[in-house]
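Subject: Structure handover

Hello,

Here is the structure we spoke about, with the sequence alongside. My notes on what turned up follow below.

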Amino acid sequence: MLNKKITDLAEYASKSISKKAKEIGDVCAMSFGEPYFGPPESAKSEIEKNLNYDSYIETLKRYEDPRGSLELRQEISRWYSDNYGITVCPDTEVLVTHGGVEAITLSVLCTTSANDKVLVSDPSYMLYSRNITVLERVVQPLSRVPGSHEYQGALKNHPDQYSDVNLMIVNSPENPSGYVLSEQDWKAVAEFAEKNQTWVLHDEVYDSMAFERKHLPAIANSKLKDKTILINSFSKKFGLPGLRIGWMVAPAELIDQAAKLHDYMYLGVGILNEKTAIAVLKSDSRQWLQDNCQEISDRANIALTTLTEESGFDWRRSPLGAMFLFPEISKLYKRIPQKYKEQFESKGEAVANYLLLEKGVATVPGNVYGEDSANYIRLVLCTPRDEFDLAMQRLATC
């Protein structure tokens, strides 16, 4: 018999919607986060050096160290020093992984056992809950009310409800809402983790895309230093989702555990891809990253002024970072044809299908990000500019 947990697992929503959009044709792809940019031009010559035949073949003839290339780990350490003034030991506190997704899996396996509870906010990236379920852990939802300090409010309103969780996952800047944790939020998370001896997994893959509120790695809070795992990757900020290189930063003893598990499950990452990652981190990309962040911010502002309440979009959470929009669409739901309301259970699903089939814009229904988000839809801001502009024109006529 096949594994029922996997059999019952829903399809990866944004990918399935993107596939459907391609089949229909003439659809603005606002559902799947494949950045239009990257890698930075300043990395091009170094990347090209690694693509000659002899260099390429050399990378295929050996397995990488379980922890990843030391040179890459040193560059990751430098990333935190240069950008945040944080010291990370490349020898003992960094592990190179197959993208951020593997780092999430290793983190869950290393900090929890079967049937342990993992605290996941609503809304949150859909992969978290699916990953936790497949690994036979239990998802404990953390309901958040839209506001300026959402985690502070959620944790203080229910101080004892989440006391038995072993791991808490925080995504900041966040997919899907664009929320960025405030200093007050991080203080509340630190107090919660300290009181309950809970590990904190901070997924910060959109760290360079915080435009309305400063990004703070969790370990910037001294109380979280010894109980936090940072996860990052090259997929989003450097526009390289096909590279499949990510990393985790954590206390040495956890990295020891994760490296052991990584060795048994994956043997090692691709050495050629590591060389590309090194070239990217060594490149002069600071201004390039700032320009991309500004472009995403500009698009968010265009969307906020174009997709108004009159056209059915309610901005209960204005994005503070990342590359997503997450409007509440109850008003738009009231205006769509009845057939969509009858066909789909949630407002988000009905509106997303209406927009796809009648407006030619692919979005993701909010229910995949949590039960509290069923009346929302998610749109991405990282498509080519002409496609983004066309999507805004189509959505403005709802």
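Two strands are said to pair here if DSSP finds at least two bridges between them. Please keep in mind that this is a predicted model.

The sheet

By that criterion, β7 (residues 228-233) and β8 (residues 246-249) are an antiparallel pair, joined over four bridges. Within the pair, L230 is placed opposite V249 of β8. Both strands belong to an open sheet of seven strands, whose order is β2-β8-β7-β6-β5-β3-β4 and whose pairing is mixed. At its edges are β2 (94-97) and β4 (138-143), each of which pairs on one side only. From one strand to the next, the twist averages 25°.

The loop between β7 and β8 contains R244. R244 is not a glycine, yet its phi is positive, at about 55°. Its relative accessible area of 35% makes R244 partly exposed.

Helices on the sheet

Helix α6 (residues 99-111) lies across β2, β5 (165-171), β6 (199-203), β7 and β8, and runs at about 165° to β7. Helix α8 (residues 150-157) lies across β3 (117-122), β4 and β5, at about 160° to β5.

Which residues of α8 are buried? They are E150, Y151, A154 and L155. Viewed down the axis of α8, these buried residues fall within an arc of 115°, so they line one face of the helix. The buried residues of α8 pack against β3, β4, β5 and α9 (183-196). On the face turned away from the buried side, α8 carries the exposed residues K156 and N157.

S148 sits in the loop between β4 and α8. With a relative accessible area of 47%, S148 is partly exposed. Apart from residues up to four places away in sequence, S148 touches Y179, S182, D185 and R213. The C-alpha atoms of S148 and R317 are 9.2 Å apart, although 169 residues separate the two along the chain.

S69 is in the loop between α4 (53-60) and α5 (70-84). S69 is buried, at a relative accessible area of 13%. Its side chain reaches the backbone nitrogen of L72 at 3.2 Å. Leaving out neighbours within four places in sequence, S69 is in contact with E64, E274 and I278.

T383 is in the loop between β12 (377-380) and α16 (385-395). T383 is buried, with a relative accessible area of 4%. Not counting residues up to four places away in sequence, T383 touches A29, M30, Y36, R299 and F388.

Cysteines

How many disulfides does a search of the whole structure find? The count is zero. C110 is in no disulfide, and the nearest cysteine sulfur, that of C89, is 18 Å away. C110 counts as partly exposed, at 23% relative accessibility. For C398, the closest cysteine sulfur is that of C28, at 12 Å, which is too far for a bond. The cut-off used for a disulfide is a pair of cysteine sulfur atoms within 2.5 Å. C398 counts as buried, at 18% relative accessibility.

Backbone details

The peptide bond from D122 to P123 is cis, and its omega is near 10°. P123 is in the loop between β3 and α7 (126-134). Another cis peptide bond joins S172 and P173, with omega about -10°. P173 is in the loop between β5 and α9.

A322, like R244, has a positive phi without being a glycine. The phi of A322 is near 65°. A322 is in the loop between α12 (286-306) and β9 (324-325). At 0% relative accessibility, A322 counts as buried, whereas R244 is partly exposed.

Regards

Technical notes. Residues are numbered from 1 along each chain as its sequence is written. This is a predicted model: local features need pLDDT of at least 70, side-chain atom pairs count only at pLDDT 80 or more; totals for chains, interfaces and linings use all residues. Side-chain values use heavy atoms; hydrogens and water are left out. Helices (H or I, at least four residues) and strands (E, at least two) are DSSP runs, numbered from the N terminus. Axes are lines fitted to C-alpha atoms, for helices over the stretch in contact, and angles run from 0 to 180 degrees between N-to-C directions. Contact means heavy atoms within 4.5 Å. Buried means under 20% relative accessible area, exposed over 50%, partly exposed in between (1.4 Å probe, protein chains only). The arc is that of the directions from the helix axis to the C-beta atoms. A polar contact is a pair of N or O atoms within 3.5 Å; within protein, one must be able to donate a hydrogen and the other to accept it, and residues adjacent in sequence count only if both atoms are side-chain atoms.
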